[in-house]
Amino acid sequence: MKFIIVLAVLFAVALARPDVETVRQHSFVQPDGFKFGVETSDGSKHDAEGQLKAFDKDHVGIAVHGSYQFVDKDGHAYVVNYVADENGYHAQGDHLPHA
């Protein structure tokens with residue numbers, strides 16, 4: 001479900017900018033996980049992989065790790081690497097504050 005939402009958002013962004021084209025797109029979805037990637041001609045990209053994970057004997061979820069990149073209007077690229085699992089969402093990037 002999250003995979004579909006992410007792809008829908010990325011397609012909405014691409015459609016909002018008619019001058020931007022999708023230059024790479026792949027997805028692999030299985031019952032126990034997924035992997036996808038998309039890149040647009042403006043330098044934006046998003047790659048992620050998720051696996052079904054038993055957090056304990058009563059709770060199962062999807063642990064996701066990935067990265068996305070976007071380019072601001074001045075041409076600076078920003079990269080965010082992230083993990084979303086039983087410990088929450090954790091993002092790292094040179095432009096993000098460090099704890």
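This note walks through the predicted model, from overall layout to one residue pair.

1. **Ground rules.** Residues are numbered from 1 along each chain as its sequence is written, and side-chain values use heavy atoms, without hydrogens or water. The model is predicted: local features need pLDDT of at least 70, side-chain atom pairs count only at pLDDT 80 or more, and totals for chains, interfaces and linings use all residues.

2. **Layout.** The protein has one helix and six strands. Along the sequence the pattern reads α-β-β-β-β-β-β. Helices (H or I, at least four residues) and strands (E, at least two) are DSSP runs, numbered from the N terminus.

3. **Surface and burial.** The protein has 99 residues, and 21% of them count as buried. Buried means under 20% relative accessible area, exposed over 50%, and partly exposed in between (1.4 Å probe, protein chains only).

4. **Strands S3 and S4.** S3 covers residues 45-56. S3 pairs with S4 (residues 59-71) in the antiparallel sense, over eleven bridges. Two strands pair if DSSP finds at least two bridges between them. A hairpin of two residues links S3 to S4.

5. **Strands S4 and S5.** S4 also runs antiparallel to S5 (residues 77-85), joined by eight bridges. Within this pairing, His65 has Val83 of S5 as its bridge partner. The hairpin of S4 and S5 has five residues between the strands, and Gly75 there takes a positive phi near 90°.

6. **Nonpolar core.** The largest nonpolar core has five residues: Phe34, Phe36, Ala48, Val64 and Tyr82. Such a core is a set of buried Ala, Val, Leu, Ile, Met, Phe, Trp, Tyr and Cys residues joined through side-chain atoms within 4.5 Å. In soluble globular proteins, nonpolar side chains tend to be buried together.

7. **Tyr82.** This core residue touches His46, Asp47, Ala48, Val64, His65, Gly66, Ser67, Tyr68, Tyr89, His90 and Ala91, leaving out residues up to four places away in sequence. Contact means heavy atoms within 4.5 Å.

8. **His46.** His46 lies in S3, opposite Tyr68 in S4. His46 counts as buried because its relative accessibility is 10%. Its side chain makes a polar contact with the side chain of Tyr82, at 2.8 Å. A polar contact is a pair of N or O atoms within 3.5 Å; within protein, one must be able to donate a hydrogen and the other to accept it, and residues adjacent in sequence count only if both atoms are side-chain atoms.
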